[in-house]
Amino acid sequence: MLIEIKSVSSSETVTAYGLTRELMEYHNALDIFTMKQERFSELVKTGALMSFLAYADGEPVGVMNAFYKLTTFTGRKIFYIEDLYAREKCRGCGIGGKFLEKAKEIAVENDCEQIELKCALWNKKSAGFYKSHGMFHDTEWEVYTLNVS
């Protein structure tokens with residue numbers, strides 16, 4: 001199986017959005033997934049969101065959406081992966097590893113300090129995958145969220 005990772009072009013935003021929506025469905029989060037296709041396309045077009053598609057033998061089978069954060073500890077960037085998803089039929093085929101390779105490449109090219117992501121507590125399989133690729137679970141910090149709308 002030939003796996004390719006490509007930056008999403010303007011003509012591919014519908015596909016990337018669809019795969020992102022599949023991820024939200026996998027997380028049982030469609031009730032809070034309110035982003036529309038037009039907004040997704042706008043974020044990609046302006047560069048606020050970096051989106052990448054995984055193709056297996058020419059078929060789109062995964063998506064990675066990311067952006068930069070800044071840390072005031074060092075003044076350097078963090079490459080933050082918001083979404084990393086491969087369709088179930090392609091899990092275990094190396095797509096996630098290819099996405100992480102792409103993330104590392106971008107992080108190095110852009111002087112990022114680290115790559116960061118969140119993983120749902122119930123998603124033990126993904127947590128194991130991230131650990132197997134050298135990521136560690138941060139036990140020093142807890143995430144707190146305040147909804148403002």
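In the predicted model, Arg91 is placed over the face of Tyr26, 4.7 Å from the ring centre.

Seven aromatic pairs are found in a search of the whole structure. In one of them, the ring centres of Tyr68 and Phe79 are 5.9 Å apart and the planes lie at 70°, so the pair is classed as edge-to-face. Because Tyr68 belongs to strand S3 and Phe79 to strand S4 (residues 77-86), this pair ties together parts that are eleven residues apart in sequence. Tyr68 is partly exposed, with a relative accessible area of 31%, whereas Phe79 is buried, at 0%. Phe73 and Trp141 also form an edge-to-face pair, with 6.3 Å between centres and 70° between the planes. Phe73 is located in the loop between S3 and S4 and Trp141 in the segment after helix H4 (124-132), so this contact ties together parts 68 residues apart in sequence. Phe73 is exposed at 69% relative accessibility, and Trp141 is exposed at 60%.

A single aromatic cluster is formed by Tyr17, Phe33 and Phe40. Phe40 is also one of the buried residues of helix H2 (residues 37-46), together with Gln37, Leu43 and Val44. These residues lie on the same side of H2, because they cover an arc of only 130° around the axis. Glu38, Lys45 and Thr46 are exposed on the other side of the helix. The buried residues of H2 pack against helix H1 (13-26), strand S2 (50-56) and strand S3 (59-70). Just after H2, Gly47 adopts a positive phi of about 85°.

Methods. Residues are numbered from 1 along each chain as its sequence is written. This is a predicted model: local features need pLDDT of at least 70, side-chain atom pairs count only at pLDDT 80 or more; totals for chains, interfaces and linings use all residues. Side-chain values use heavy atoms; hydrogens and water are left out. Buried means under 20% relative accessible area, exposed over 50%, partly exposed in between (1.4 Å probe, protein chains only). Helices (H or I, at least four residues) and strands (E, at least two) are DSSP runs, numbered from the N terminus. The arc is that of the directions from the helix axis to the C-beta atoms. Contact means heavy atoms within 4.5 Å. Rings of Phe, Tyr and Trp (its six-membered ring) pair if their centres lie within 6.5 Å; planes under 30 degrees apart count as stacked, over 60 as edge-to-face and the rest as tilted. A charge sits over a ring if NZ of Lys or CZ of Arg is within 6 Å of the ring centre and within 35 degrees of the ring normal.
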